[in-house]
Amino acid sequence: MKHYQIRLYNSADFDQWNTFISVAKNATFLFNRDFMEYHSDRFQDYSLMVFDEDKLVAVLPANKNENTIYSHQGLTYGGLVLNSKAKLSSVISIFKGVLQFLNENSIEKLVLKTIPNFYLDYFSDELEYCLFITQAKLNRRDSLSVIDLTKPYSITKTRKESIRRGKKNNLIIKEELNFELFWNEILIPNLDKKHQVKPVHSVEEITLLQQRFPNNIRHFNVYDKDKIVAGTTVFCTDKVAHPQYVSGNSDKNELGSLDYLYHHLITEVYKDKHFFDFNNSNEEQGTKINEGLLFWKESFGAKTVIQNFYEVQTKNYSLLESVLI
């Protein structure tokens, strides 16, 4: 079994990390250090870099909490990020080395959430196989609602009526760079009223990230005359458009504002993407589904894709030693 050198990321690796992310076979802009470090004050970084002699061949975006490593609590997905030439045999050795490194540094568990395959340009299930061999525990499973824009999809009659309502009400959709209006008048009040929480990103943070990734983060507001009534912030990759935030005022059903907005995004703004990812409708660690939210997403033609969350004991690295025969 091949031996790889593994060490912690440090600030001097910034450019090398980002260069690797830009050509990796299973990475998105969320793994760029310019994105990861916007919330560096909230997480103790414990990202790993894997070398074959002096060549970087894999990275693990991660943070530490007590004796557990997470990949990554501040990101939508995580896992081993691999170069385009990575083969299953090498990934088995790499993951064995990662778990052994963690175990030798008094880390008991590695917790990770996999990146859904529709985000990727290439098949990349090597890590799933390694997790099976190391007896990882599947401790959560989210059901994502996704439209495959490369295939025919159907919108329900009820949704079409709501879209027509938005058009009849002469709603105006504007792409804007100013997030404050939506954050302060729509998003923050709604999240506080419904869930007693705040947005993951402050308005200052989302503004900073948009400035760093102008091609990946876009924002749209909906206006009834001159009054904002709804909005959404969309994270997009080469293949996928994913609304990170969406919210409307109390008149959203009567106005048809959200349906009108999403129809515009799906059929106009992002029509050339491969997938439109509505995200999950899960609660309570994936064990419950918000049926109304799921119904709304599926009424646009979305289908279900699963995202898995795993927990693996680092001491199980030895289970990978006898896989290759």
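Predicted model: local features only at pLDDT ≥ 70, side-chain atom pairs only at ≥ 80, totals over all residues.
Strand pairing and helix packing

Reader: In which sense does strand β9 pair with β14, and which residue of β14 does V146 stand opposite?
Author: Strand β9, made of residues 137–148, is joined to β14 over four bridges, and the sense of this pairing is antiparallel. As for V146, the residue that stands opposite in β14 is D277.

Reader: How many of the six residues of strand β14 are buried?
Author: Strand β14 takes in residues 275–280 and is mostly covered. A residue counts as buried when its relative accessible area is under 20%. By that cut-off, the number of buried residues in β14 is five.

Reader: Which strands stand at the edges of the open sheet of four strands, and why is one side of each left without a neighbour?
Author: The order of strands in this open sheet is β1-β3-β4-β7, and the pairing is antiparallel. Each edge strand has a single partner strand, so one side of each has no neighbour in the sheet. The edge strands are β1, with residues 5–8, and β7, with residues 81–82.

Reader: Which residue of β7 is the bridge partner of A58?
Author: Strand β4, residues 55–60, pairs with β7 in the antiparallel sense over two bridges. For A58, the bridge partner in β7 is L82.

Reader: Is F20 buried or exposed, and what is its relative accessible area?
Author: F20 lies in helix α1. Leaving aside residues up to four places away in sequence, F20 touches L56, V57, A58, V59, V81, L82 and N83. F20 is buried, and its relative accessible area is 7%.

Reader: How is α3 classed relative to α4, and which hand does the crossing have?
Author: The axes of α3 and helix α4 (residues 126–133) come within 9 Å and cross at roughly 55°. That angle makes α3 oblique to α4. The crossing in which α3 passes α4 is right-handed.

Reader: By class, how many residues in the contact of α3 with α4 are nonpolar, polar and charged?
Author: From α3 the residues are L88, V91, I92 and F95, and they meet E126, L127, Y129, C130 and L131 in α4. By class, this contact of α3 with α4 has one charged residue, no polar ones, and a nonpolar count of eight.

Reader: How is α5 oriented relative to α9?
Author: Helix α5 (residues 157–168) and helix α9 (residues 257–269) pack with their axes 7 Å apart, at an angle of about 95°. The contact is made by R159, S162, I163, G166 and K167 of α5 together with D259, Y260 and H263 of α9. The residues of this contact divide into two nonpolar, three polar and three charged. The angle makes the orientation of α5 to α9 roughly perpendicular.

Note on methods
Residues numbered from 1 in each chain as written. Heavy atoms only, no water. Pairing = 2+ DSSP bridges. Buried < 20%, exposed > 50% of the residue type's maximum accessible area, 1.4 Å probe, protein only. Contact = heavy atoms within 4.5 Å. Axes fitted to C-alpha atoms, helices over the stretch in contact; angles between N-to-C directions. Parallel < 35°, antiparallel > 145°, perpendicular 65-115°, else oblique. Left-handed = near helix turned anticlockwise from the far one by under 90°. Nonpolar A, V, L, I, M, F, W, Y, C, P; charged D, E, K, R; others polar.
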